[in-house]
Amino acid sequence: MKTQAKLLLSLFCLAASAALADEPRAPGNPYLQNTPYQYGYGAAASFKPWTMSPSKTKEEKTRMMKMMMPFMAQGMHMNIRDVMNYMTTKYKAKPGLSFDDVVESMKLRANQLNFKLVGTSPMWKDIRAVLEDTTTPRMEVFSFCDIAAGREVMSLAPEAIAFLPCRIAVMEDADKNIWVLTLDWDIAWLDSVNGSMDISPQLAKMAKDIRDKMDNIMQAAANGDL
């Protein structure tokens, strides 16, 4: 699976280069003007912290996605369920644990690791109240914050605020199993990308620390640890 994921990333990078090949080039080595445009590589260090990147138009984003999707749909035979599965980390709670048991263990472990709980979203209650759908299983999303790491990420790429704070979801499935899920924060795959996309060693260490703590919290929740 890891090999497939790295292959997917490599194909994505090739697609990105092709999709952006006709965009204006940043000033650089005149002998490299005929090489595929490597968007962003080596550029982050030249930006002032907290500086937003130029906005992409809807057409540019659409062009990028059209280049990416065939690789996933045809090259790896992926559908939307496969894509979502690749993008998440999830653990199935031990049998016998209630939804509230899982949530309580999650909160306790997060507190031990100095991950601040900054918000909750009881989605299932809204779905039942607004849509009158009583068949929807219980699901809640919990938001956690690591202030120091968040500052470092956003100083390099302010747009990252759209992905923050870190979220962990707890939900029942069709068979009443309880799952703990989050966006996969593992950035080990960046080792296969030229220059690791300008992520500094310090930032990479922080990202790994966040991922490890999130994983610790999720496993504690799934195991019902107190």
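1. Surface. The chain's accessible surface comes to about 14,700 Å². Carbon and sulfur atoms account for 59% of that area. Keep in mind that this is a predicted model. Buried residues make up 30% of the 226 residues in the chain.

2. Overall build. The chain holds 7 helices and 5 strands. Read from the N terminus, the order is α-α-α-β-α-β-α-β-α-β-β-α. Now look at contacts between residues at least 6 apart in sequence. Of these, 71% join residues at least 24 apart.

3. Helix α7, its length. Which residues form α7? Just after α7 comes G224, with a positive phi of about 75°.

4. Helix α7, its buried side. The buried residues are L203, A207, I210, M214, D215, I217, M218, A220, A221 and A222. Look at the spacing in that list. An α-helix has 3.6 residues a turn, so residues three or four places apart point the same way. What covers the buried residues of α7? The cover includes two helices, α4 (99-112) and α6 (147-156). It also includes the strands β1 (88-92), β4 (166-172) and β5 (178-183).

5. Helix α6. The packing can be read from the other side too. The buried residues of α6 are A149, G150, M154 and S155. These residues pack against α7.

6. V180 in strand β5. V180 sits in β5. Is V180 buried or exposed? Its relative accessible area is 0%, so V180 is buried. Leaving aside neighbours within four places in sequence, V180 is in contact with T89, K90, Y91, V102, I168, A169, M218, A221 and A222. Among these contacts, M218, A221 and A222 are also on the list of buried residues of α7. V180 and A169 are 11 residues apart in sequence, and their C-alpha atoms are 5.7 Å apart in space.

7. M171 in strand β4. M171 lies in β4. Its relative accessible area is 29%, so M171 is partly exposed. Beyond its neighbours within four places in sequence, M171 is in contact with F99, R138, M139, N177, I178, W179 and L181. V141 is 30 residues away from M171 along the chain. Their C-alpha atoms are separated by 8.5 Å.

8. S143 in strand β3. S143 is found in β3. Why does S143 count as buried? Its relative accessibility is 14%, and buried means under 20%. Not counting residues up to four places away in sequence, S143 touches K116, L117, V118, G119, P165, C166 and R167.

9. The cavity. How many cavities of 30 Å³ or more does a search of the whole structure find? The search finds 1. The largest cavity has a volume of about 50 Å³. Its lining consists of T89, T182, L183, W185, R211, M214, D215 and M218. The elements that give two or more residues to this lining are β5 and α7. The largest share, 4 residues, comes from α7. By class, the lining has 4 nonpolar, 2 polar and 2 charged residues. M214, D215 and M218 belong to this lining, and they are also among the buried residues of α7.

10. The second largest pocket. About 760 Å³ of space lies in this pocket. It is lined by 27 residues. Which of them lie nearest its centre? They are M84, T88, M171, L181 and T182. The elements that give two or more residues to the lining are α3 (80-86), β1, β3 (139-145), β4 and β5. β4 gives the most, with 7 residues. The lining divides into 17 nonpolar, 3 polar and 7 charged residues.

11. Links between the points. T182 lines the cavity and lies among the residues nearest the centre of the second largest pocket. M171, partly exposed, is another of the residues nearest that centre. T89 is in contact with V180 and also lines the cavity.

Note on methods:
Residues are numbered from 1 along each chain as its sequence is written. This is a predicted model: local features need pLDDT of at least 70, side-chain atom pairs count only at pLDDT 80 or more; totals for chains, interfaces and linings use all residues. Side-chain values use heavy atoms; hydrogens and water are left out. Buried means under 20% relative accessible area, exposed over 50%, partly exposed in between (1.4 Å probe, protein chains only). Contact means heavy atoms within 4.5 Å. On a 1 Å grid over the protein atoms alone, a cavity is a set of points where a 1.4 Å probe fits but cannot get out, and a pocket is an open set with protein on both sides within 12 Å along at least five of seven lines; lining residues have an atom within 4 Å of a point. Grid points are joined across faces, edges and corners, and a volume is the space filled by probe spheres set on the points. Ala, Val, Leu, Ile, Met, Phe, Trp, Tyr, Cys and Pro count as nonpolar, Asp, Glu, Lys and Arg as charged, and the others, Gly among them, as polar. Accessible areas come from the Shrake-Rupley method with a 1.4 Å probe; for residues, only the protein chains shown count as cover.
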